[in-house]
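Welcome! Try each task yourself before you read on.

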Amino acid sequence: MKNRAITALLIPLMLATFGAFGQNGRILIDADGSEYTISRHIYGHFSEHLGRCIYGGFYVGENNTAIPHTDGVRTDVVEALKALKIPNLRWPGGCFADTYHWKNGIGPKAERPSIVNTWWGGVTEDNSFGTHDFLNLCERLGAEPYLAANVGSGTVEDLIDWVQYVNHPGKSPMSELRRKNGRAAPWKVKYWGVGNEMWGCGGHMTPEYYANIYKQYATFMTDWTNSDGLYRVASGANVADYHWTEVMMRDIPRNLIEGVALHSYSFVEWNDKGSATDFSEAQYFSTMQTAQEMEELVTRHSAIMDQYDPERRIGLIVDEWGGWYNVEPGTNPGFLFQQNTMRDAMIAGLTLNIFNNHCSRVRMANLAQTVNVLQAVILTEGEKMLLTPTYHVMKMYSVHQDAQLLPLSIDNLQYQLGGASLPALSASASKDKDGLIHISLVNIDANAGHTVDIAVQGAGGKRLRGTILHSEKLQDHNTFEQPDKVKPAEFRAFKKTGDQITVTLPPFSVVVLELQ
Ligand code: AHR
């Protein structure tokens with residue numbers, strides 16, 4: 001790494017200078033950078049056939065005259081996601097994926113069979129949103145599709161046919177069928193999940209059994225694109241099931257796997273999730289505790305992967321994460337529709353900092369879920385649409401996409417409640433292709449603002465500006481009556497002296513600084 005020796009000399013010097021600032025939080029950023037890039041795919045999303053995510057959220061039907069759309073897909077949602085620089089979208093599940101038979105969702109819509117969504121609310125759906133609809137949507141978004149294949153109730157043949165249908169450029173049974181259905185060019189789908197939560201809704205398998213099944217499926221997945229190959233992701237561990245990751249890494253040969261998944265949600269208590277908007281500080285504290293556990297999860301799953309893959313070729317793919325609460329009163333419990341407050345902004349800010357800092361192993365992540373489900377970035381009601389606090393954090397952080405990671409160390413402050421304490425601050429930093437340095441900061445403390453001294457060598461001659469997401473109350477959220485109650489604003493509470501920056505972060509706030 002260039003300038004390592006200079007950095008080694010500068011760090012003690014800067015720490016000595018910091019001493020003068022007193023009891024502030026302290027962050028030291030290595031502006032020489034690292035060899036790692038923060039993949040834009042860390043900023044990915046997830047859309048399942050669940051509640052009003054696809055139907056009503058993305059898709060309102062070709063015949064809808066009340067809501068502007070293209071081929072039935074809402075224009076407002078597409079525009080909002082483009083503004084977010086959405087890099088990839090996972091579909092069609094989730095648990096739904098292992099019940100989904102893709103051939104039911106192609107061809108003339110009037111002839112498609114109806115199915116019952118057994119996982120989510122037992123509703124009947126008519127398969128009007130299928131493979132063409134999803135892949136065309138991804139093209140409009142400029143996002144990579146990430147298809148989750150049905151392993152639990154599907155067959156190897158179904159999956160290899162799906163790969164051929166969407167990717168084969170020449171003449172083959174499935175590419176001919178695709179052409180007959182109106183699409184000549186293949187979509188070149190690179191990212192494939194081989195089943196979902198195989199330890200649970202995907203079939204309640206042991207990792208040893210699934211590893212064998214995975215190898216069988218992966219062996220027959222041909223890369224018809226003749227480009228840089230498919231990216232096959234093995235269904236991963238439930239939270240801290242480290243044995244699962246160990247077995248995937250141990251039993252699956254390197255030539256059959258590109259990624260291993262991990263799922264982890266944040267909540268108050270799994271069996272008593274509480275309201276999304278009406279929560280106490282103690283409930284907030286518990287949610288932050290589960291969100292911060294992501295640091296340990298990513299560290300320990302990565303350490304296992306390091307033993308089998310020291311060159312870090314295989315990615316850790318956190319393809320479901322986010323906050324999970326009780327559904328909004330009066331809504332279908334199977335639809336997982338919840339509001340989104342400043343608490344969710346805290347989850348998003350601190351989790352994305354963790355992923356950024358672990359980008360040497362975390363290559364992709366998918367927030368659950370894009371529209372109207374769990375920690376959504378967008379909520380819709382009829383023709384109305386609003387952006388949640390989580391949307392604003394994702395947009396503020398989008399500056400990190402494909403930027404070079406700048407490693408940092410934090411001398412943290414504590415957020416205390418009832419004798420327990422959590423680290424109050426979280427941060428990550430990157431340098432983009434134009435040389436701009438971005439620093440994202442979160443203060444989860446519900447009561448205290450915190451002053452933080454940040455040292456970035458080489459910052460001296462640069463102009464500093466910032467954006468903040470903050471609101472009066474932790475419970476604040478956007479509604480269709482008040483869609484802009486929580487929105488980003490210019491951040492001015494900083495002082496810059498040479499390479500030192502001092503910022504004051506209000507309680508429960510997210511700030512992104514830019515050094516130009
Ligand atoms: O995101 C909701 C559900 O949570 C997904 O369908 C499943 O994979 C997970 O348990």
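**Exercise 1: Strand partners**

Strand β23 (residues 464-469) and strand β27 (residues 509-515) run antiparallel and are joined by six bridges. This is a predicted model, in which local features need pLDDT of at least 70, side-chain atom pairs count only at pLDDT 80 or more, and totals for chains, interfaces and linings use all residues. Residues are numbered from 1 along each chain as its sequence is written, and side-chain values use heavy atoms, with hydrogens and water left out.

Task: find which residue of β27 is the bridge partner of G466, and how many bridges pair β23 with β24.

Solution: 
- Start with the terms: strands (E, at least two residues) and helices (H or I, at least four) are DSSP runs numbered from the N terminus, and two strands pair if DSSP finds at least two bridges between them.
- Next, look across from G466: its bridge partner in β27 is L513.
- Then turn to β24 (residues 489-491), which pairs with β23 in the antiparallel sense over three bridges.
- In that pairing, I468 has A489 of β24 as its bridge partner.

**Exercise 2: A hairpin**

Task: say how many residues lie between β18 and β19 in their hairpin.

Solution: 
- Strand β18 (residues 414-417) and strand β19 (residues 420-423) run antiparallel, with four bridges joining them.
- At one of these bridges, L417 has A420 of β19 as its partner.
- The hairpin has two residues between its strands, and G418 in the turn shows a positive phi of about 50°.

**Exercise 3: Around the ligand**

Task: find which residues come nearest to the ligand, and what percentage of its exposed area the protein buries.

Solution: 
- There are 13 residues around the ligand (a heavy atom within 4 Å), and E48, C95, E197, Y265 and E320 come nearest.
- Now check polar contacts, here pairs of N or O atoms within 3.5 Å. A backbone N or O atom of C95 lies 2.9 Å from a ligand oxygen.
- The side chain of Y265 has an N or O atom 2.8 Å from an oxygen of the ligand.
- For Q369, a polar side-chain atom is 3.0 Å from a ligand oxygen.
- Finally, the ligand taken alone exposes 280 Å², of which the protein buries 93% (Shrake-Rupley method, 1.4 Å probe).

Terms used: Polar contact = N/O pair within 3.5 Å; in protein donor to acceptor, adjacent residues only side chain to side chain.
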